[in-house]
Amino acid sequence: MKKFGLLIIVLYLSVFANLNSQLYVGGGINYALPQSEFSDNNKDAIGINLQIDYRQYCKLWLGLRIDYTDFEPLTDTTVFYYSNITMLSPQIKYAPFTEGCYDNKFIPYLVGQLNISSISGTDNLSKIGLGAGMGIGFAYNFKIFDKCWMIELNSIYTYPNTIERAKDRSSISLINSAITLSVGL
């Protein structure tokens, strides 16, 4: 049994070392633009994002993104509004128009997400939601300090609670635009 456990640890470490060379971590700033009914009660807002991407394949990147945004009401009344949103989003980025992903390269891509969200409002309904998003982005990769870096600008149309939400809560949508800087580990 000890040999089996040691084998698992060695395999895990060798896979992790291989993943680590293609793992990018980063963070940035979001601009959230509420849409439809969401825009009737909330102002545009600035938030933050953190992301981890596995970029072993040139045209296909798998990742996880966390977004957090605080919102303010549209007016100073006691009307219902959403106060903040946190989204945990497994995502996939696909760069169909790129041949080779090397340093100093401009890369357009498509992005799709599944959103697990916590949306706080002035109601007492459940915050948890499940939704999806799709969008486009542009990345530029470069080298500094012997590390691979990437700066990205993307815009994602997101429905963070369209699949599952509290019974009496409406589905919301927003355009979530971000600029993110990441570094390869």
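User: Why does Phe138 count as partly exposed?

Analyst: Phe138 has 35% relative accessibility, and because buried means under 20% relative accessible area, exposed over 50% and partly exposed in between (1.4 Å probe, protein chains only), Phe138 counts as partly exposed. This is a predicted model, in which local features need pLDDT of at least 70 and side-chain atom pairs count only at pLDDT 80 or more, while totals for chains, interfaces and linings use all residues. Residues are numbered from 1 along each chain as its sequence is written, and side-chain values use heavy atoms, with hydrogens and water left out.

User: Why is Phe106 called exposed?

Analyst: The relative accessible area of Phe106 is 53%, so Phe106 is exposed.

User: What makes Gly184 buried?

Analyst: Gly184 has a relative accessibility of 8%, and therefore counts as buried.

User: Why is the pair of Phe38 and Tyr82 called edge-to-face?

Analyst: Rings of Phe, Tyr and Trp (its six-membered ring) pair if their centres lie within 6.5 Å, and planes under 30 degrees apart count as stacked, over 60 as edge-to-face and the rest as tilted. The ring centres of Phe38 and Tyr82 are 5.4 Å apart and their planes stand at 85 degrees, so the pair is edge-to-face. Both Phe38 and Tyr82 are buried.

User: What makes the aromatic pair of Phe106 and Phe138 stacked?

Analyst: Phe106 and Phe138 lie 5.6 Å apart, centre to centre, with 10 degrees between the planes, and the pair is stacked.
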